[in-house]
Amino acid sequence: PVAARGPGMFWPLVGGALALGAWALTLVARRMNRRDHALAYYLSLAVGVALAVGAAIALVLGPSRTGLIPSRHAYDAIVGLLVVWTVVHLGVGVIMQLYCVARRAAGRMTARHDIDITNVSLYWHFVAVTAAVTVAVIAGFPEVV
């Protein structure tokens, strides 16, 4: 709608940056696991989880702080849908990261047998693209039009 301000740029950009940080730290964790650096592995995933949670919160704050109401207009609903889609996938990614922490702590994943973190890294590639597209659409599109 003409009067819609959109979710702004600040919170979506913060959320996108945090999501990309979580993705990068998952890749770092995979590398640290292969090098058998357990402490760096756990630290990378712990910070990655924190960044992913922060990304989800920041992405939700954008539309909520600017008063977008999904039941009011299709534009608001599309922004809400994109944010929910991204937040759900961030949540699944967090569960997967925590699963990898538990697998390594239980001795079920080693530097040699690391398919768990390898597959989780592949999933996080998808999450990074999802977050980048979502941020580009909800923060960038209102500025272009």
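A: From the N terminus on, the order of elements is α-α-α-α, so labelled because helices (H or I, at least four residues) and strands (E, at least two) are DSSP runs numbered from the N terminus. The chain has 4 helices and 0 strands. This is a predicted model, in which local features need pLDDT of at least 70 and side-chain atom pairs count only at pLDDT 80 or more, while totals for chains, interfaces and linings use all residues. Residues are numbered from 1 along each chain as its sequence is written, and side-chain values use heavy atoms, with hydrogens and water left out.

Taken along the principal axes, the C-alpha atoms fill a box of roughly 55 × 25 × 20 Å. Of the contacts (heavy atoms within 4.5 Å) with a separation of 6 or more, 81% are between residues 24 or more positions apart. Buried residues are 41% of the 145 in the chain; buried means under 20% relative accessible area, exposed over 50%, and partly exposed in between, with a 1.4 Å probe and protein chains only. The chain exposes about 7700 Å², and carbon and sulfur atoms supply 72% of that area. Accessible areas come from the Shrake-Rupley method with a 1.4 Å probe, and for residues only the protein chains shown count as cover.

Now the interior itself. A nonpolar core is a set of buried Ala, Val, Leu, Ile, Met, Phe, Trp, Tyr and Cys residues joined through side-chain atoms within 4.5 Å. The largest one has 28 residues, and those touching the most other members are Y41, L90, C100 and W124. At least two residues of this core come from each of α1 (10–34), α2 (38–65), α3 (74–105) and α4 (115–144). The largest share, 9 residues, is supplied by α4.

How is W124 placed? W124 belongs to helix α4 and is classed as buried because its relative accessibility is 0%. Setting aside residues up to four places away in sequence, W124 touches A19, A22, W23, T26, A52, L90, G93, V94 and Q97. The W124 side chain also has a polar atom 3.4 Å from the backbone oxygen of G93. That pair is a polar contact, defined as N or O atoms within 3.5 Å; within protein, one must be able to donate a hydrogen and the other to accept it, and residues adjacent in sequence count only if both atoms are side-chain atoms. Further along the chain, A139 is 15 residues from W124 in sequence and 22 Å from it in space, C-alpha to C-alpha.

L90 is one of the partners of W124. With residues up to four places away in sequence not counted, L90 touches A19, A52, A55, A56, L59, W124 and V127.

T26, another partner of W124, is in helix α1. T26 is buried because its relative accessible area is 0%. Apart from neighbours within four places in sequence, T26 is in contact with L45, Q97, I117, V120, S121 and W124. A polar atom of the T26 side chain lies 2.8 Å from the backbone oxygen of A22. T26 and G48, 22 residues apart in sequence, are 6.4 Å apart in space, C-alpha to C-alpha.

T134 counts as buried because its relative accessible area is 3%. The T134 side chain reaches the backbone oxygen of T130 at 2.9 Å. Beyond its neighbours within four places in sequence, T134 contacts L82, V83 and T86.

Is charged D116 buried or exposed? D116 is buried because its relative accessibility is 15%, and its place is in helix α4. The side chains of D116 and R103 are joined by a polar contact of 3.1 Å. D116 touches Y99, C100, R103 and M109, residues up to four places away in sequence not being counted.

L18, in helix α1, is partly exposed because its relative accessibility is 24%. Leaving aside neighbours within four places in sequence, L18 is in contact with L51, G54 and A55.

D36 lies in the loop between α1 and α2 and is partly exposed because its relative accessible area is 49%. D36 is not a glycine, yet has a positive phi of about 65 degrees. Most residues other than glycine have a negative phi.
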